[in-house]
Amino acid sequence: MRIAVAGGTGVAGRYVVEAAEADGHDVVVLSRGTGVDVRTGVGLAGALQGVEVVVDTLNLVTGKRSAMTDFFVGATGNLHSAGSDAGVARMVVLSIVGIDRIPGFAYYRAKLAHEEAALAGPVPVTVVRATQFQEFAGQILDRIRLGPLATVPSMRIRPVAARTLGRTLVEVASDPVVGPMREVAGPEEIGLVAMARRTVQVRGSHRVVLPVRIPGATGAAMRNGALLPGDGALIVGPGPEEWLASPDVR
Ligand SMILES: NC(=O)c1ccc[n+]([C@@H]2O[C@H](COP(=O)([O-])OP(=O)(O)OC[C@H]3O[C@@H](n4cnc5c(N)ncnc54)[C@H](OP(=O)(O)O)[C@@H]3O)[C@@H](O)[C@H]2O)c1
């Protein structure tokens with residue numbers, strides 16, 4: 001079948017593309033780099049012709065909650081309207097485990113608005129909530145540049161490899177039954193600070209990781225395990241050390 005991967009050049013999206021191609025699907029990548037701006041809608045209608053399923057792995061991280069909410073809600077609205085015009089049968093939308101348990105965090109508020117817009121239809125949607133990626137510590141290290149120092153928030157995570165998650169998203173996308181929201185997590189818990197330090201080591205970098213306590217109820221929830229998966233989560237490997245020994249570390 002033809003699958004469109006919105007954000008198919010990103011950390012998660014590229015593995016969705018890889019897994020879908022390995023299964024013999026015809027894959028269309030929706031990203032500004034491939035000439036499709038999902039937020040403005042430029043190029044979207046043409047790119048969705050003949051597409052049966054859209055997997056949404058889009059992302060925007062900025063300091064402003066309104067900009068992030070506008071992005072996720074606007075892009076989702078465009079996927080729904082262009083998707084229903086093009087006869088798209090269903091969408092799979094990637095979100096994050098525990099975002100409803102963390103008060104006052106702008107990015108997570110935007111992701112909740114994203115989920116709500118996705119579930120509003122008209123195209124039937126399965127939301128897949130994943131835990132932080134094994135790559136997440138590296139993404140933070142790359143975003144926060146204070147010379148040799150890197151400030152990393154203290155939080156409990158149970159990271160999932162983006163590669164395995166990509167495979168899981170293709171399995172969900174291939175199921176013609178649109179199921180309820182589901183959670184996907186890695187097999188082992190680790191602190192984000194510890195994961196960042198190990199990532200620095202494996203990269204051969206000399207950056208010094210400084211733990212930061214996010215203040216108030218937001219930070220307390222993150223430190224107390226609100227981002228960990230529930231009992232029914234699908235658990236997929238590898239664990240942090242096996243992943244850190246793999247070529248996927250960047
Ligand atoms: N990172 C984590 O630990 C984690 C954990 C669980 C869930 N998630 C969720 O997973 C999703 C993907 O995250 P990620 O870290 O893989 O993202 P990412 O690496 O930042 O990739 C974002 C993708 O979105 C595309 N994009 C951005 N703006 C676009 C636009 N206007 N039109 C079309 N494409 C656009 C980018 O391509 P162009 O720049 O070429 O447009 C890129 O392909 C997010 O929804 C995030 O909340 C992340």
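Two strands pair if DSSP finds at least two bridges between them. Strands S8 (residues 182-185) and S11 meet that condition, pairing in the parallel sense over two bridges. Keep in mind throughout that this is a predicted model.

**Stop 1**

Select Val184 and Leu234. Val184 stands opposite Leu234, which belongs to S11.

**Stop 2**

Move to S5, residues 125-130. S5 and S8 run parallel and are joined by three bridges. Pick Arg129 and look across to S8: the bridge partner is Glu183.

**Stop 1: the whole sheet**

Show the strands as a cartoon. Which order do they follow? Reading across, it is S2-S1-S3-S4-S5-S8-S11. The sheet has seven strands, is open, and has parallel pairing. Next, colour strand S2 (26-30) and strand S11 (234-235), which stand at the edges. Each has a single partner strand, so one side of each is left without a neighbour in the sheet. As background, strands of a sheet pair through backbone hydrogen bonds, either parallel or antiparallel.

**Stop 4**

The ligand sits in the largest pocket. Strand S4 (90-96), helix H4 (106-119) and helix H5 (136-143) are the elements that give two or more residues to the shell around the ligand. Which of them gives the most? S4 does, with three residues.

Select the shell itself. It holds 29 residues, and the closest are Thr9, Arg32, Tyr107, Lys111 and Gln139. By class, the shell divides into 13 nonpolar, twelve polar and four charged residues.

**Stop 5**

Start at Gln139, where an N or O atom of the side chain is 2.8 Å from a nitrogen atom of the ligand. Go on to Gly7: here a backbone N or O atom lies 3.2 Å from a ligand oxygen atom. Finish at Asn59, which has a polar backbone atom 3.4 Å from an oxygen atom of the ligand. Then switch to a surface view. On its own, the ligand has 910 Å² of accessible area, and the protein covers 87% of that.

**Stop 2**

Pro122 is in the loop between H4 and strand S5.

Last, select Gly237 and Pro238. Their peptide bond is also cis, and omega is about 0°. Where is Pro238? Look in the loop between S11 and helix H9 (240-244). From there, S11 takes you back to the edge of the sheet.

Terms used
Residues are numbered from 1 along each chain as its sequence is written. This is a predicted model: local features need pLDDT of at least 70, side-chain atom pairs count only at pLDDT 80 or more; totals for chains, interfaces and linings use all residues. Side-chain values use heavy atoms; hydrogens and water are left out. A residue is near a molecule or strand if one of its heavy atoms lies within 4 Å of it. A polar contact is a pair of N or O atoms within 3.5 Å; within protein, one must be able to donate a hydrogen and the other to accept it, and residues adjacent in sequence count only if both atoms are side-chain atoms. Accessible areas come from the Shrake-Rupley method with a 1.4 Å probe; for residues, only the protein chains shown count as cover. On a 1 Å grid over the protein atoms alone, a cavity is a set of points where a 1.4 Å probe fits but cannot get out, and a pocket is an open set with protein on both sides within 12 Å along at least five of seven lines; lining residues have an atom within 4 Å of a point. A molecule sits in a cavity or pocket if more than half of its atoms lie within 2 Å of its grid points. Helices (H or I, at least four residues) and strands (E, at least two) are DSSP runs, numbered from the N terminus. Ala, Val, Leu, Ile, Met, Phe, Trp, Tyr, Cys and Pro count as nonpolar, Asp, Glu, Lys and Arg as charged, and the others, Gly among them, as polar.
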